[in-house]
Number of protein chains: 4
Amino acid sequence: MTLNIGIIGLGFMGSDHVKRVATKINGARLAGVADLKQDLAEKYAKEYGAKIYKSGIDLIDSPDIDAVMVVTRPHETHEQFVLHAIEIGKYVFCEKPLTLTAAGCKKIVDAEVKGGKRLVQVGFMRRFDPGYIEIKKAIDDHVYGEPLLIHATHRNCSVDETYDTSMSIIETAIHEADVLHWLLGEDYESGTTFLPKKQTKYTHSKLHDPQIITLDTKSGVHIDLEVFVNDQIGYDINCSVVCENGIISLRSPFNSSVKKGLYDQTYIPKDCTERFATAYDNEIQEWVNGVEADKVTGPSSWDGLVAMVTCDALAKSRDNDAERVAIVLPDKKPSLY
Amino acid sequence: MTLNIGIIGLGFMGSDHVKRVATKINGARLAGVADLKQDLAEKYAKEYGAKIYKSGIDLIDSPDIDAVMVVTRPHETHEQFVLHAIEIGKYVFCEKPLTLTAAGCKKIVDAEVKGGKRLVQVGFMRRFDPGYIEIKKAIDDHVYGEPLLIHATHRNCSVDETYDTSMSIIETAIHEADVLHWLLGEDYESGTTFLPKKQTKYTHSKLHDPQIITLDTKSGVHIDLEVFVNDQIGYDINCSVVCENGIISLRSPFNSSVKKGLYDQTYIPKDCTERFATAYDNEIQEWVNGVEADKVTGPSSWDGLVAMVTCDALAKSRDNDAERVAIVLPDKKPSLY
Amino acid sequence: MTLNIGIIGLGFMGSDHVKRVATKINGARLAGVADLKQDLAEKYAKEYGAKIYKSGIDLIDSPDIDAVMVVTRPHETHEQFVLHAIEIGKYVFCEKPLTLTAAGCKKIVDAEVKGGKRLVQVGFMRRFDPGYIEIKKAIDDHVYGEPLLIHATHRNCSVDETYDTSMSIIETAIHEADVLHWLLGEDYESGTTFLPKKQTKYTHSKLHDPQIITLDTKSGVHIDLEVFVNDQIGYDINCSVVCENGIISLRSPFNSSVKKGLYDQTYIPKDCTERFATAYDNEIQEWVNGVEADKVTGPSSWDGLVAMVTCDALAKSRDNDAERVAIVLPDKKPSLY
Amino acid sequence: MTLNIGIIGLGFMGSDHVKRVATKINGARLAGVADLKQDLAEKYAKEYGAKIYKSGIDLIDSPDIDAVMVVTRPHETHEQFVLHAIEIGKYVFCEKPLTLTAAGCKKIVDAEVKGGKRLVQVGFMRRFDPGYIEIKKAIDDHVYGEPLLIHATHRNCSVDETYDTSMSIIETAIHEADVLHWLLGEDYESGTTFLPKKQTKYTHSKLHDPQIITLDTKSGVHIDLEVFVNDQIGYDINCSVVCENGIISLRSPFNSSVKKGLYDQTYIPKDCTERFATAYDNEIQEWVNGVEADKVTGPSSWDGLVAMVTCDALAKSRDNDAERVAIVLPDKKPSLY
Ligand SMILES: [Mg+2]
Ligand SMILES: [Mg+2]
Ligand SMILES: [Mg+2]
Ligand SMILES: [Mg+2]
């Protein structure tokens, strides 16, 4: 059977998913699109033979759409679409962050739990990246003994003026907040956010850049994370897990190297759609497979909530002179997850 | 529309393609399988909900099959299936080598030309590998000036006793024979095959291993190629193109690195399905897209013929003390290609 | 002229310096040795044709010794020898740490200032390492713009039971304390030492391992440093300086790489004498050249004092739950330095 | 004791050795210099406090000179100085090539044999490079089993118009001719030199660039060598030894890496004095130690002769359409070597 996918939101990430669903995913087709910008909707509808829906809600409600992807910006709009999909019992994939508040995430978790069925997958694509998967397998198989420390960096080429200090956590560090506790298989105990006095000249008045985050897990693994979103060098994601018997490090993939002008060089990807192309493909393929099998197993609403609670603690630390802030989940993980 | 694919031959490569078509390719489904080994046919038919055909010819003839993949061994069997598909006007993908003789390839080219339509794609998957594509783009765009030399290695972990001296050319070097002249965009002038006196202890009496091949193109680019099929280290494919202003080299992809026990190490893939997984996916996706669009543009029967003519010259050199042997194509490239 | 060098202390580092002076340094010869362990003194005296002195003080006082190297352990013994050399106006090289207390360093600085001549060089060899020198030059020449962050690791294979929690700072992190502010050309503002709850099973009851240190400079550059002295992987020193326009990283040197058994690997040195062999050679050569020219310019007593004040702040932070501790130098840098 | 070294020839390599002897070598001092260019002699005599000799012969004859280094150009001048040193029984280090003809080398060998004492060391510095030494040790210790193949490149940034086709062998490939059979511990059986039709635009009418050389050893190890002296990328020396159980490769050393502008890069040295600085230091230190001990063990006149016989065979092949030419040593190795 071929699954009919509808996508709401056709911007940078949305258009990337549109192309993915239409041309790369097995067992799925792009059936419908919706965007407030009518020209975008028309462009992709025409290119891939999809139907245009007047609104996200209309798309969700349509009997011609088997499952929905929510890729809207601003992210505040995620919540209504996800809740509506849950309400009518339709599978929905939502890009991260699930919502911009822990309260919003909690509302979604509660709705899903009330419905009694996992319908939501959150776009934490790194869990589907071959590199992170290799590292997780090494940790799970105890290949290098117990993990002790993680050093991570999340670096972007540059951001525009709409990106402010809060987003370094809520838009950027949220990826590590999710993927690192998944890697380690345990929850966080506390976190800190430190704003070093010296900033890059490439930033603007509303953005403190770079920022330094730490996280400590329940068992005592210590994590440090550099978030630097105007690095000028590329989209440079690093993660080294220091274990008792060895250190395993994520490596950015490249396909060729060049020697020229006294240098031997390899390429650094320029953005997330390039760096994590395979991860995004795997993520959506597994989601489609899950929907087809009526059992979705990717990152859940609960994972979306955990990430947002973590971000809230980091923001509180940032606003309180880098004090250590406890990371406390609202209640026990529901048995649904 | 979803294309119904039938696959003939379910061995090492055939089963890899079965899984690919069934689970990774967009716009296609595994509709039918055929193999002399009935248990293999039953296994994959059951696993992916495909129909079993009694013979390859039955599968090709079936109106339920839109396009055919020929992955049979021994490779002598390719010819009959490809010719039959051409005869009834059905698209056919055939693993390399297209046939084991230049004469066989010529028969296929002639049949296709007579039919007046390109129906065949040959499994030279490296043309779809991101690394080779990067290199080709650099050459085509003249980024580092004119190419002058190529150094290549084709190394396998090990082979069994059915693999003999002739296969180092016809099964293994054939990949470079195809991909290197495609990279350079020109035909070969001559080639040599040298059998170094010293051989690995891991070989057997019917196999001279390693072997050294050279190829020179019409414009005078010189290529050397090590073929070593019992290297004990992994599937290690290298290709460095020395240009006037720089040297661009293929790099085997890895996703993580490990420091342990005084060494910093990265992984070498163990076989072609692992090393070229992305290339195979892209190859079949583009073939499916081509069939869907009724216009296949991947490696053609003509490319299969050129590769076999090249292999014949290399074999002649090997049997004549590494003398330089001219590489002469049978006639002009038909306008169909 | 050939300088007659006397070396006090013939243990791990002392014997390394003995060999260096006797066989690698231009313009110098090993003239005398002293060690409480008489057999060590005899061994090296015989091997290199040097004279044995009954005590360090005797060696310093000898008119046959032009300049002295103090490489004794325990490090408490450095102070007396250095002070005695200053007193009689003889050049003295002293391994780090200069003394084990800021007060002891201060005494040496005061004695030297009173004498009115720089006579002491401290063994911070990293300032002579080609990698650190490349990084310093890039920073000084502003090649990648302003430095913003430094990530560093100081990892050792393993330590024995005499190495305790305090030594991670005073014996190990002291190298980074010195070299990083030298790299940046500015003083520290504050530091922290955090003891992550999770420790390696390879440590013992008196050693908390690993430890995480941070330093912030006056201008606001933020540094994080992992100190891990039972890493089981090698002597793994890393330093990445994140600048506004690029990131420059120290690379551990290797001379060959090996592919075997599905891995491509390079070597990690096993200890400091191997990793920093060139740095040690350069350090002692420049010291000998300085003595010969009657003008020593390497790391001074003041640098030894600054490092110790930094270590004291880090120790205080460690004992106070990782609180941020100001790093305050005792007074202005004397004009002698 | 400090050895008084005299250096004849103060050009590119000569001045590098002058600085080395004067400032880096233990147990030696620069005592005298001679060069036809009087200003060069004055410059270095003044800089390092050495005496100027009117001629090379005067320098060799001087009782104030303990041992001599011959670094003159053109290389034809080597022979007279080396023979004169042998005649008066003085140790002499001579840069490669020892002479420009096998006959000249033979004359030196004969003179040395007649004198009954090894007095000559030839400047094949690569035998003192840590990378080649690691590879030789691995081969000698049989760590990866029997060596089967070697792939090598000798690339230079660029050469001027005085460098012609013959020099690619006699000035450049001579290094590999020496170091590779030393690595393998056996003599060559035959060699070929192939001039690929396509040449770099950076060459000139008297120079065919690049060139491809092969060598086969007595036991049957096959070697291919790219000589490319206008590569525009740096001084890029590579050597991979393919063994039965692993492949060991020389790696050009670097001390730091840089990420900037979408690339992660490491440095390629620009010439031999930079790439092989450590090898040159070790070479001269060991020579000085040998002279001091009255027993020189580095590359001998015989090695110089073997290299030149090899070069002659390669030149003959080049002039005869790349035919395979036997490499035949003039007679048995004298027992002196
Ligand atoms: Mg995402
Ligand atoms: Mg194939
Ligand atoms: Mg030291
Ligand atoms: Mg040389």
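This is a predicted model: local features need pLDDT of at least 70, side-chain atom pairs count only at pLDDT 80 or more; totals for chains, interfaces and linings use all residues.
**Entry 1: chain A against chain C**

I began with the contact list, where 37 residues of chain A touch 37 residues of chain C. I then looked up the buried area between chain A and chain C, and got about 2,900 Å², with 60% of that from carbon and sulfur atoms. Three residues stand out on the chain A side: A:Leu148, A:Lys198 and A:Glu244 give 22% of the area chain A buries against chain C, more than any other three residues.

Next I went through the charged pairs and found 2 salt bridges between chain A and chain C. I looked at one of them, in which the side chain of A:Glu146 meets that of C:Lys198 at 2.6 Å, N to O. For polar contacts across the interface of chain A and chain C, my tally is 14 residue pairs, both residues at pLDDT 80 or more.

Which strands of chain A supply at least two residues each to the side that touches chain C? I noted E7 (147-155), E9 (211-217), E10 (222-228) and E11 (236-243). E7(A) gives the most, with 5 residues. Sorted by class, this side of chain A has 14 nonpolar, 10 polar and 13 charged residues.

**Entry 2: chain D against chain C**

Here I counted 29 residues from chain D and 30 residues from chain C in the contact. The buried area between chain D and chain C came out at about 2,300 Å², of which carbon and sulfur atoms give 43%. D:Asn26, D:Arg251 and D:Asn255 supply 27% of what chain D buries against chain C, more than any other three residues.

I searched for salt bridges between chain D and chain C and got 0. Polar contacts I did find, in 17 residue pairs with both at pLDDT 80 or more. Among the elements of chain D that each supply at least two residues to this side are helix H1 (12-23) and helix H6 (130-140). E13(D) gives the most, with 5 residues.

I then followed E13(D) across to chain C: 4 bridges join it to strand E12 (residues 247-250) of chain C, and the two run antiparallel. Opposite C:Leu250 I see D:Ser256.

**Entry 3: B:Asn26**

I found B:Asn26 in the loop between helix H1 (12-23) and strand E2 (28-34) of chain B. Buried or exposed? I call B:Asn26 buried because its relative accessible area is 9%, under the 20% cut-off. Its side chain reaches the backbone oxygen of A:Val21 at 3.4 Å. Beyond its sequence neighbours within four places, the contacts of B:Asn26 include A:Thr23, A:Asn26, B:Gln285 and B:Val288.

Definitions and conventions
Residues are numbered from 1 along each chain as its sequence is written. Chains are lettered from A and ligands numbered from 1 in the order in which they are written. Side-chain values use heavy atoms; hydrogens and water are left out. Buried means under 20% relative accessible area, exposed over 50%, partly exposed in between (1.4 Å probe, protein chains only). A polar contact is a pair of N or O atoms within 3.5 Å; within protein, one must be able to donate a hydrogen and the other to accept it, and residues adjacent in sequence count only if both atoms are side-chain atoms. Contact means heavy atoms within 4.5 Å. Buried area is the accessible area (1.4 Å probe) that two parts lose on being put together, summed over both. A salt bridge is a side-chain nitrogen of Lys or Arg within 4 Å of a carboxyl oxygen of Asp or Glu. Ala, Val, Leu, Ile, Met, Phe, Trp, Tyr, Cys and Pro count as nonpolar, Asp, Glu, Lys and Arg as charged, and the others, Gly among them, as polar. Two strands pair if DSSP finds at least two bridges between them.
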